[in-house]
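Hello,

Here is the structure I said I would pass on.

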Amino acid sequence: MTTLSDRQAIGRDLVRREGGLKVTGTAPYADDAEVDSPVFCRLLLSPTARGRVTGIEVPEVPGLLTVLRAGSAEKLTSTGDDELAVLQDTSIAFRGQIIGAVIAETSEAAREAARLARVACTEEPQDTAFSPDRDDLYKPEKVNAGYPTDTAQGDLDAAMRTADVTVERTYTTATYHNNPMEPHSTTALWDGENLLLWESTQGVHPVRETVTEVFGLAPERVRVVSPHVGGGFGSKGAAHANVIVAAMAARALPGRPVRLALTRREMFSLVGYRTRTVMRTRLASSADGVLSGVGMDVVAPTSKVTEFAEQAGVPTRMMYAAPHRATSHRLAALDVPVPTWMRAPGECPGMFGNEVAMDELAEELGVDPIELRVRNEPAVDPASGKPYSSRGLVACLRSGAERFGWSGRRRHRVGDWLVGTGVASSVYPAFRMPHSTAHLRYADGRYVVSIGAADLGTGTWTALAQIAADGLGVPVELVEARIGDTDQPYASVAGGSSGISTWGSAIVEAARAFREKHGTEPPDGAEATGEIGSNPAQGQYAMYAFGAQFAEVHVHADTGEIRVPRLFGMFAAGRIVNPRTARSQLIGGMTMGLSMALHETSVLDPRFGHVVTQDFADYHVATCADAYRVEADWIDEHDRHVNPMGTKGIGEIGIVGTAAAIVNAAHHATGARIRDLPLTLDKLLPHLP
Amino acid sequence: METDVTLRVDGAEHDLRIEPRTTLLDALRERVGNTSPKRGCDHGQCGSCTVLVGGRRVLSCLTLAVRCHLAEVTTARGLGQSGPHPVQQAFLDHDGFQCGFCTPGQICSAVGMLSEFSQGHPSHASADVAAEPDLTESEVAERMSGNLCRCGAYANIVPALLDVAGGS
């Protein structure tokens, strides 16, 4: 593989290039797209979880232009994906489903028309209550990211029977809504032949693929533009029904740009979420802390509309050595909105169960939790038998412990506060997507690299210029990256922490081709393109980023109030392209992990058929006062197998293990073991001294 | 029913004919064409739409435009009109943002917060509400907690603002 040996730009600490636009609010997001005389679209959502729409009456509000209705809207060419087959018939499959839309000259008129709309529907019995004890659980064909549903090696049951010490516990995670700060938004313009979408998305090319298929349009007739994205965390990874409705609305009013920005409330039913997981975790150990068996059996809900199986059992397959291992996933299909990716699907909930169980085992054995993990470090990937391309877990645990001040940890009390510390491991696969293309052009002494990639706050604008600079062997100041437009070459989705690894590989290839074709003194207008396929080393090595997270937790002895005054993460995630933005991504993931540990939960009321926590007053995310002392660092890791840059991806690993570290620290502080997230004071109170 | 309103936005006057129900956020984004304030929730729960009215931070999604007639409205765009405002520069220096969507609101909120602090306003984090407050980490964090950041930049925002306060 080509490697970048002489790095000048990669590793440099740079201010993000679009920063000036962002601090003034002049970076254009999808709903900010400058268009002439936009009209405004508001959605009508189903008031019941199952049934049929029998009528929609919208009064003649001044400024109302048109109404789209379930059953009578434009017929879509492809309805293969039920989530996107919006308004095609009158059936209702979940509460909060799109059953109509109003389009008006002003946002006030659109809102008024939607408010006054009268929806009539029949109601049928709904099934929305999840329980792991349901008798209709089923085994999905595979789980998210294409992993096998169940795995087994050796005989875990026998290992559990013969082990000196066992831990068998059930851990549960809550329902989480991604809630990027920017609501999913579209500005859509149909000129009669061509569709132009300003979209908030993690991938302009994947959105174009979806839209062309759904509407039966040729790819060259659809352009998707998304230079800045106000966060996504997975919910903007694929087009949801709102994008299709925005396009339908535009096609109903040719020549008029249509704005459709979801309300915060609508985001709770339309753009996905992370499902609850119930994880039965099993550990079998010798008296000196060597694991003979590990197991994880996951039960989760999904939607009847489209299946999504959160692969929470997957990290258990590879995390620690043990000859006997078993994992499984079972689902309950319900009349609920469609789940999707949320930051580190699989690893995030899975490593909560895994890492709290390891803490319980360490306690049972009287072994230091870090030492227990070190004792079970595998020589090769236990799941595949392949060697690791690099595995920095022990280094993260050891150096992280030193930085955090782990040794000599003791439960103590400061005034009214019970103080404890906790640790957990982090892991996330080093993915590279199989296809991306980058284009390089030289003019006026400067290089422009174009690729239809995305910056969700990830620092892509800057990092891709850094990679191109090293690929070309020129100062980064001479390179400009252009991203976020389907007029640029194909880029894979910003998902699975694969963005920089995938797009960067294409850029390195484009730079190589450029130098091969034009040498070091290119003429004005010189161009080259680089395209990548799959990484051949993917089949030879197990490739993962690792980390160790440390938390200090204070619990108020009288009220049970929980504070996290210190959170520290140490990561081994390959080469870091831009330390400034990388640190932000890592502490951002950890902050979301803290939020998951202490605050977030979407509460479903089965009578209502949907979550009742539909805004930031009810669905709590961490605020500044909750999480202002979060620190992250990394060890210098050189992995020549992953890709030419040596990057492993850092967007997701920060959230993996955080909740376990916090719950373990709360246990250390109080002696109470809470296995059900979020960790709230009502759960701790009965156990306090 | 519409009414005439003059908004002074970032130093420029805009004569608008708007409905009384139009919020300041909608007026700015859809009539004035200033999309610097963002709509994160439209319910006053996230702070993304924060602007300064007469130097005080307000949630523009909960403010009717008609009550801002002739008032000085400042957005993050206006704060940066002649080069980055010290708060904006501190956000750049400390990487106090990622996706940037909540950032214009954070910036306006921070400017308003620092002004409240300089006037001696206490916060929930102040041990003695009658005493002159110290701008500690916890004071800044408490006073900025009306502005949600889902990317999790709080740990950068707090030192950024302590820097600004220390330097002023």
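Predicted model: local features only at pLDDT ≥ 70, side-chain atom pairs only at ≥ 80, totals over all residues.

Residues are numbered from 1 along each chain as its sequence is written, while chains are lettered from A and ligands numbered from 1 in the order in which they are written.

**Between the chains**

Chain A brings 44 residues to the contact and chain B brings 50 residues. Two residues are in contact if their C-beta atoms, placed from the backbone, lie within 7 Å. On chain A, α1 (19–24), α2 (107–116) and α13 (579–598) each supply at least two residues of the side that touches chain B. Helices (H or I, at least four residues) and strands (E, at least two) are DSSP runs, numbered from the N terminus. The largest share of that side is seven residues, from α13(A). By class, the side has 19 nonpolar, 16 polar and nine charged residues. Here Ala, Val, Leu, Ile, Met, Phe, Trp, Tyr, Cys and Pro count as nonpolar, Asp, Glu, Lys and Arg as charged, and the others, Gly among them, as polar.

**Domains of chain A**

Chain A has domain 1 (33–124 + 183–270) and domain 2 (440–534). Such bounds come from an automatic or database domain assignment. The C-alpha centres of the two domains of chain A lie 34 Å apart. In the contact, 18 residues of domain 1 of chain A meet 15 residues of domain 2 of chain A. α4(A) gives the most to the domain 1 side, with four residues. That side divides into six nonpolar, ten polar and two charged residues.

**Val493(A)**

Look at the loop between β23 (479–482) and α12 (499–518) of chain A, where Val493(A) lies. Val493(A) is buried because 24 other C-beta atoms lie within 10 Å (20 or more make a residue buried, 12 or fewer exposed, and in between partly exposed, with C-beta atoms placed from the backbone). Beyond its neighbours within four places in sequence, Val493(A) is in contact with Gln202(A), Gly203(A), Pro206(A) and Gly237(A).

**Domains of chain B**

Chain B is assigned domain 1 (3–79) and domain 2 (86–167). Their centres, taken over C-alpha atoms, are separated by 22 Å. The contact takes 17 residues from domain 1 of chain B and 15 residues from domain 2 of chain B. β3(B) gives the most to the domain 1 side, with three residues.

Best wishes
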